[in-house]
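Welcome, and please load the model in your viewer.

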Amino acid sequence: MSDTAPTPAPPQTPDPQPHRARIDSYRERLRAGRESLYSRFDQGAPVTELVLAHSDLIDGVLRDLWTEHLGDTESAALVAVGGYGRRELQPASDVDIMILVAPDAESRLSTQLEILLTLLWDIGLEVGHSVRSIDDCVREADQDVTVMTNLMEARLLAGGSALYARMLEVTSPAQLWDSARFFAAKTAEQQARWEKYGGTAYNLEPNIKENPGGLRDIQMIAWVAKRHFAARTLHDLVRHDFLTEAEYHTLIEGQALLWRIRFSLHRLAGRREDRLLFDHQRALAHAFGFCDGPNNLAVEQFMQQYYRTVQELNRLNEMLLQLFREAILLRDALGPPIPINRRFQSRSGYLEVVNSRVFQRYPLALLEVFHLLQTRPELEGIRASTIRLIRENHHRIDARFRDDLRARSLFMEILREPNGLTHAFRRMNRYGVLAAYIPAFANIVGRMQYDLLHVYTVDEHTLTLIRNLRRFAIPKHDAEFPLCSAIARRIPKIELLYLAGLFHDIAKGRGGDHSQLGARDAWDFCQQHSLSAFDSRLVSWLVENHLVMSMTAQRKDISDPEVIQTFAERIGDPNRLDYLYLLTVADARATNPERWNGWKDALLRELYHGTRRALLRGLDNPQAQDELIQQKQVEALRLVARYGADPEACRRLWSKFSFDFFLHSSPDEIAWQSRQILCAAPETLPLTVIRPVTARGASELFIYTADRTNLFGRTTAMLDQLGLSIMDARVMTTDDGMAVSSYQVLDQGGNPVDGALRMEEIRTALTEELRHEEDSEIRVARTLPRRHRCFPVDTRVSFSTDEPNRRTIMRLSTLDCPGLLAEVGAVFRDCGVRLQNAKIATVGAEVDDVFFITDTDDTPITCENALACLRREVCKRLEQHTRDER
């Protein structure tokens, strides 16, 4: 049984239990043994000694119990398997055992075995067990490669040695799972495991055992080596010329670090835990001796060490498995070399150097190898022996190399090549070439950002962004983002976009504004690579402004022509807008793919189209508010007429509305909401209607009811209670005292509300709540997500004045937690504040919400005392709410 298999429940038996004192003595023996291990760990003992010592501790306990209950029988054998069989037992790992029994002894020994297994649980061991005959072993191992793998790692603890030897004989490669079959099955198993864990070693809460580059990858190497070469240790691979001595030490040192982390995790969690959760990362960082620096948190330094280690292990795994493939599947019978040029040739579909001194004699080949892979799609990859040479020689990429015009030209050819850019950059990063050629890139390799916004390390995020940009330029992906694909085809030089993507986050972790620092790096790189001043300025400008478009879309009211005009003035021309839009979409999707949704897509598209119109109209010819409102009303009347509503009735209704309603709503929203009001009978109020999907990519919840105190707070509390995320809120009171409220909402998966039953549930619950006259406090039942508890966020409130629209803007940054907007609404109620509009944005564990507010007379709040009071009450209430949630 694998130590990753679900631990079976302890067997139930009515037989008498051993005396309590005997159980307690074994419990104390285990406790004292583990405390001794922890003490040695704290004193710096090598973790390799500790996992062996822990295995020895368990060995002694199991042998004593076996002797007590089964004596010296040769009819059964106690066998350690899995990690325990390898003597790699961590503090809280399952103790995986197999009891091998002779066929004629199963019934005779069943009672003693059940008592033994029950006792193992009673003394506190987490046991994974199986009871098998030799025939069972053969049958199950033949059907399941995991069982076969466990039997390969079997180690006799006590009992019948002849039985154990016979089991090894009948499950040997000569009988079951020859090397080729075993290798094929294990590589398929590894690929499936990688896909399950996201296909990357750089998740921000990685599984140190199962993720790519994790302990399972090292075990994979050992399993194949043991099956094919009968290797007893990983060092045997050096003797077989599969590893160099330096690579062996890299492998062992990486394994030791992962063992230390796993040892600490088990101790910290008090149970088996292989995930580096945010809950544990800070504590582990300090336990490993890291301290917060001016630009780098201790946890970020610790995790960068981890990511760089697993990157090396992942590379060694890739290289060794390719060598194994040649030795096992091809049986070293590689095809004849097919010449490519004086430095490279193809062999069995893989690129290789013609001799081992190519990179020494001609270092530029260190870039050429990646360009050749781009231009020759028939090549599957690079031969492992050549990968090793790249790693051994990438130090030759020095200042002289980077100053060579041929190297610079070759790098730009890689960027401009229409095929294989993503694979080229990923390989260059994996083999250390990218960091060598762009020294600033070395700083972000394996660098994490301790937040919930970014789910990848900075280098992985950067390469994912370039992959996203690349897909915009490939016709077969046109359906994914049609607007992006259309723009990508018309921009003059797409390689400038790739350069901007490569440099956009390159200065993270260096202190200061990473956008400005990165812009200077990008300018220098472009100039060194002979780009024109115009192109260099564009790349540098894109890096400096790569966050501006997303921040404008998420935090400002982009229906306001003043906002569009200001943004258009910053952009300057349509060409820059095209480049920035593509970079922004690719960046947002690469930051956290699961958080990308139709709402963000629609916001950016709306901002793009609005800005493009402003630029084409001319920056010295901004659109007047009156003109815009008139245009919207004309279009809305046309749509209303299509719905069959009376245009005159609409005009009478609109005469009670403020200009803000028209200014900040689209013609479609104006027409749809007006029709809902006109069709509603007075006795049906409050009116609550849901539109499943709007042009903004969300569901619209529309409410029309008599205005009342804390309507916003009660509504948002109910929506939160129903599991909906509010992306945008617009609230207006008409001249005759009616509240017109519109909420753009998404479900917890980031999608519009789906299904008639779900929409009716929401509508009914909200209608019932709004019919209650008294202002009741709704307590949101949803709890603070686990991850959010790990990120202390201070509450910050700031104010500014929106003069053109006669509003005060309140910006709130605080921890994202359930019921937040309801708490803000309650403060507005208590302080006599009227909400006109709200922009809701979540950045990782932190919200960055913007509220457009007035006093009860619909005028801006300008009194400093009033603003100070509002800030104080918001902070006080939210900090108390956060404490309650924690």
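Which residues have the most contacts inside the largest nonpolar core? Keep in mind as you look that this is a predicted model. Select Phe411, Phe425, Ile438 and Leu582: these four have the most contacts inside that core, which has 100 residues. Now colour helix H29, residues 574–591, which supplies the largest share of the core with nine residues. Apart from this core lies another one, of 59 residues; to find it, pick Phe229, Leu237, Phe242 and Ala298, which are among its members.

**Around Phe411**

Go back to Phe411 and show its surroundings. Leaving aside residues up to four places away in sequence, Phe411 touches Leu367, Phe425, Met428, Leu434, Tyr437, Ile438, Leu502, Phe525 and His529.

**Two helix pairs**

Next, display helix H18 (residues 405–416) together with helix H24 (residues 494–503). Their axes come within 9 Å and cross at roughly 105°, which makes H18 roughly perpendicular to H24. To see the contact, show Phe411, Met412, Leu415 and Arg416 on H18, then Glu495, Tyr498, Leu499 and Leu502 on H24. By class, this contact has six nonpolar, no polar and two charged residues.

On the H18 side, select Phe411, Ile414 and Leu415; on the H19 side, select Leu421, Ala424, Phe425 and Met428. This contact of H18 with H19 divides into seven nonpolar, no polar and no charged residues.

**The sheet**

Now hide those helices and bring up the strands. In what order do the four strands of the open sheet run? The order is E3-E2-E1-E4, with mixed pairing. Strands E3 (127–132) and E4 (155–159) stand at the edges with a single partner strand each, so one side of each has no neighbour in the sheet. From one strand to the next, the twist averages 25°.

Zoom in on strand E2 (residues 95–101) and E3, which run parallel and are joined by six bridges. One to look at is the bridge of Val95 with its partner in E3, Val127.

**Helices on the sheet**

Conventions:
Residues are numbered from 1 along each chain as its sequence is written. This is a predicted model: local features need pLDDT of at least 70, side-chain atom pairs count only at pLDDT 80 or more; totals for chains, interfaces and linings use all residues. Side-chain values use heavy atoms; hydrogens and water are left out. A nonpolar core is a set of buried Ala, Val, Leu, Ile, Met, Phe, Trp, Tyr and Cys residues joined through side-chain atoms within 4.5 Å. Buried means under 20% relative accessible area, exposed over 50%, partly exposed in between (1.4 Å probe, protein chains only). Contact means heavy atoms within 4.5 Å. Axes are lines fitted to C-alpha atoms, for helices over the stretch in contact, and angles run from 0 to 180 degrees between N-to-C directions. Angles under 35 degrees count as roughly parallel, over 145 as roughly antiparallel, 65 to 115 as roughly perpendicular and the rest as oblique. Ala, Val, Leu, Ile, Met, Phe, Trp, Tyr, Cys and Pro count as nonpolar, Asp, Glu, Lys and Arg as charged, and the others, Gly among them, as polar. Two strands pair if DSSP finds at least two bridges between them.
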